[in-house]
Amino acid sequence: MLSFSICSNISTGFGGVYGVTEVPPVQSAFPFYLDGPARPAKPERLMFLLFPDKETALRVWWFAGQFIRKSGLQGRRIKWKRLHISLQHVGDYSCLRTKFIYAAKQAGNAVATCPFEVTFRSVGSFEGAPAVAGRPRKRPLVLLAEGDALLNLHGVLGAAMERNGLKASADFTPHMTLLYGRRKVPFQPIKPIRFTATAFALVHSELGLSKYNLINRWSFQG
């Protein structure tokens with residue numbers, strides 16, 4: 001059986017949804033060493049994400065713009081096409097080998113659930129990673145997500161990952177990141193924003209390049 005991997009500085013896939021590139025089933029490794037943005041030692045991230053529908057993403061984007069402006073916040077805003085809720089982090093790799101992709105896809109295949117409602121009721125900042133090498137702390141401004149079915153999905157997916165030889169996180173604070181900035185914003189209630197979750201996705205993130213590659217997507221049935 002041939003082994004393939006996805007390494008740094010690779011352009012993969014073809015047109016996808018919401019600007020997320022879709023990756024073909026098999027992608028060989030072509031480690032072109034070209035000049036480009038600085039990237040971490042393990043720049044290939046694999047993760048399970050839940051994306052809102054387009055209408056909800058644009059509604060959240062509009063809310064974020066209004067809140068950021070009224071609060072006088074500055075920082076790096078997340079584009080509406082990349083707004084998501086992280087379900088599980090699979091891993092960060094120097095080269096993303098197909099054995100990890102296969103295991104993650106098997107875990108995703110094992111999940112079965114019906115569409116469910118997700119509600120955002122508050123906005124505020126997490127502490128974020130500590131300042132490093134003189135760089136200021138980047139605090140994520142987030143919407144906190146609520147929903148028993150969302151918590152259940154995280155748990156079921158995590159159990160399926162472990163059955164397939166992957167590490168899963170038991171900790172889960174469901175949220176959608178809007179901005180990375182310096183100021184800390186206390187959590188405060190907002191007019192609820194609701195949407196119906198209908199699918200989740202396995203995504204390869206090229207760290208440092210702000211690029212998402214869609215590997216697989218699972219629709220909820222019912």
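Colleague: Is Phe126 buried, partly exposed or exposed?

Modeller: Buried means under 20% relative accessible area, exposed over 50%, and partly exposed in between, using a 1.4 Å probe and protein chains only. Phe126 has a relative accessibility of 24%, so Phe126 counts as partly exposed.

Colleague: Where in the fold is Phe126 placed?

Modeller: Helices (H or I, at least four residues) and strands (E, at least two) are DSSP runs, numbered from the N terminus. In those terms, Phe126 belongs to the loop between strand E7 (116-125) and strand E8 (139-146).

Colleague: Why does Thr56 count as buried?

Modeller: Thr56 sits in helix H1 (residues 54-71), where it touches Arg194 and Phe195, not counting residues up to four places away in sequence. Thr56 counts as buried because its relative accessibility is 8%.

Colleague: Which elements do the buried residues of H1 pack against?

Modeller: The buried residues of H1 include Thr56, Val60, Phe63 and Phe67. In an α-helix there are 3.6 residues a turn, so residues three or four places apart point the same way. The buried residues of H1 pack against strand E4 (75-77), E7, E8, strand E9 (175-181) and strand E10 (188-197).

Colleague: Which residue caps the N-terminal end of H1?

Modeller: A polar contact is a pair of N or O atoms within 3.5 Å; within protein, one must be able to donate a hydrogen and the other to accept it, and residues adjacent in sequence count only if both atoms are side-chain atoms. The side chain of Thr56 makes one of 2.8 Å with that of Asp53. A side-chain oxygen also lies 3.2 Å from the backbone nitrogen of Glu55, and the capping residue that carries this oxygen is Asp53.

Colleague: What pLDDT does the protein chain average?

Modeller: pLDDT is the predictor's confidence in each residue, from 0 to 100. It stays under 50 over residues 8-16 and is below 50 over residues 24-34. Where pLDDT is low, the predicted coordinates should not be read in detail. In the protein chain 82% of the residues score at least 70, and the average is 86.

Definitions and conventions: Residues are numbered from 1 along each chain as its sequence is written. This is a predicted model: local features need pLDDT of at least 70, side-chain atom pairs count only at pLDDT 80 or more; totals for chains, interfaces and linings use all residues. Side-chain values use heavy atoms; hydrogens and water are left out. Contact means heavy atoms within 4.5 Å.
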